[in-house]
Amino acid sequence: MNNDKKDNHASNKSVGLFADKAYKRTSDAKNQTAPQSNQAITTDESVSLNKPAEPRHTVSKKTIASGEALKLAVVGHTNTGKTSLLRTLLRDVYFGEVKNEAATTRHVEQAKLTDSQTGEVLVALYDTPGLEDASGLMDWLEDNTASRRDGIERLQQFLAADIAQSADNSDTSVGEDLQDYDYSQEAKVIRQLLASDMAIYVVDAREPVLGKYKDELAILSWAAIPVMPVFNFTDSQDANIEDWQTMLARRNLHISTRFDSVAFEFSDEMRLWQNLATMLTHSEMLEQLMARRTENWAQLYDEASIIIADFLLNVAAYVREINQDDDPMPVLQQMQEAVRQSERTMQHSLLNLYKFYDNAVAATPLELQAYQQDPFDPELLKSYGIRTTSGAAAGALLGLGIDAAALGTTLGLGAAIGGIAGGLLSNTGSIADRVAGVKRLYIDPATLTLLATRALDLLTALRHRGHAATDATQLLYNSENNHLETLPTDDRAEAAANPMTVWPTHKLPNELKKARGKPQWSSLSGGKSEQAQLLRADMAWSLAGKLQSHKLHE
């Protein structure tokens, strides 16, 4: 046996989120389902892991009945991404422990998927330790169990043996020979397998098909429950899915699915549940789960779109008034800072909505330079291909977003270029303003376009990002040209030359145009935040719908 096995046996100290607990086993399998939760998706700590009280070979299981929560074991070789897959299914960056090393999970950990409306437990998920030496275990089973017995009997005989219990029982003295054959981790997997209704076998699609994986599948088949292979890390160029499918078919495993825990696709998750449902006699719980999760996913998108729309309206309605002869620089700087803070608040609202909470746990797209860069940076505007002005001053002011005619007449064009930051538009079109000698400063269309495009790009990234992603740059969704085909025909030619923006810069949606004449809609001007939000609420719903359908100029 390898040294890792000896180290695992020698050190009985658990690690991980629920390290001080062990899953409580009872003689009735349905008692293993934890109490119901009011949350749609929960990681249950109170019942996840308790020290087994019964002899481990007396495992009993009942076939799933109509109306029972599905008990689903997540199994596979070490370091194939079992915990990562569960994090993404649970939308929980805190579940378990994810490291780029073998045998991170050392105990069975439980989580539940519940109906968000009723609190009913629909699926109980069990994260299991990795199978470390299936080939060695297969040799032991061949040598120590009778081939004429069925698979469950042979597995139960293994569970009764000392090698299946030595690492768990710190008060049991074992000799060096037994330490060399410590299969306690495999025993934990098999116990949970025998107590479950079905299992998903997580495959690292980048791995070649090796003999040890074939032995794992042979052992899993002895548990006499449906097993469905799930390919993880499918977005990798090194994926060997065809070779795996050939091997699986030779073992009568013809139903498999793809679910990348990092490059997430909601359709892949629905296909996973659908394929599992086809393997069950009673699939009501999975059908209920699919319906509820589809409903919740659409609701998240609606809420995110409203968050973005409300932010854009708040910025578009932002106006400051100065005297005609005043230096606008201090006010411009204040307005820019207010917009920066408002954008960051919006970004964090989106992160929290999709349950990407803590950068210390899992890196988020906000750690990318593109989301940290100042929205008033001329280079950022250029990178999006946004043109901010026209006419003779276009070359000098490109990227600054300043109305050259208005500011140039007051300060002189040189002062405008050299002293004023971009992103704001001076409006001197009102006769009353001219008579009164005042100037109104607004956020210009180019900056509104940039803010909208960057917000929608972030939303798209979050919707395609698994909760197991640990790198900020890891497989972020590429949304370039994402909006082009949905734009009105007349705008496509211009948008094709400027493909990264959600609308042509000079064609703001009507809702934003209206907001520019409603300063009371903006809380950035110093008004009451809740009152301003209520005033723009109806318009936020309208703009959110257009952001989703991209009917932005109607």
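Student: How many bridges join strand 8 (residues 319-323) to strand 10, and do the two run parallel or antiparallel?

Tutor: Two strands pair if DSSP finds at least two bridges between them. Here five bridges join strand 8 to strand 10, and the two run antiparallel. Glutamate 321 has arginine 440 in strand 10 as its bridge partner. This is a predicted model, in which local features need pLDDT of at least 70 and side-chain atom pairs count only at pLDDT 80 or more, while totals for chains, interfaces and linings use all residues. Residues are numbered from 1 along each chain as its sequence is written, and side-chain values use heavy atoms, with hydrogens and water left out.

Student: What counts as a strand or a helix?

Tutor: Both are DSSP runs, numbered from the N terminus: helices are H or I with at least four residues, strands are E with at least two.

Student: How many residues of strand 10 (residues 438-443) are buried?

Tutor: Buried means under 20% relative accessible area, exposed over 50%, and partly exposed in between (1.4 Å probe, protein chains only). In strand 10, five of its six residues are buried.

Student: Which residues lie on each side of strand 2?

Tutor: In a regular strand the side chains alternate between the two faces of the sheet. In strand 2, Leu70, Leu72, Val74 and Gly76 are on one side, with Lys71, Ala73 and Val75 on the other, and all are buried. Strand 2 (residues 70-76) is largely enclosed by the rest of the structure because seven of its seven residues are buried. It pairs in the parallel sense over five bridges with strand 4 (residues 121-127), where alanine 124 stands opposite lysine 71. Strand 2 also pairs in the parallel sense with strand 5 over five bridges, and isoleucine 200 in strand 5 is the bridge partner of valine 74.

Student: Which residues of helix 8 are buried?

Tutor: In helix 8 (residues 241-250), the buried residues are Ile241, Trp244, Met247 and Leu248. They are on the same side of helix 8 because they cover an arc of only 125 degrees around the axis, taken from the directions from the helix axis to the C-beta atoms. Exposed Glu242 and Arg250 are on the face turned away from the buried side.

Student: Where is serine 522, and is it buried or exposed?

Tutor: Serine 522 is in the loop between helix 20 (510-515) and helix 21 (529-535). It is buried, with a relative accessible area of 2%. Its side chain reaches the backbone oxygen of asparagine 314 at 2.8 Å.

How values were computed:
A polar contact is a pair of N or O atoms within 3.5 Å; within protein, one must be able to donate a hydrogen and the other to accept it, and residues adjacent in sequence count only if both atoms are side-chain atoms.
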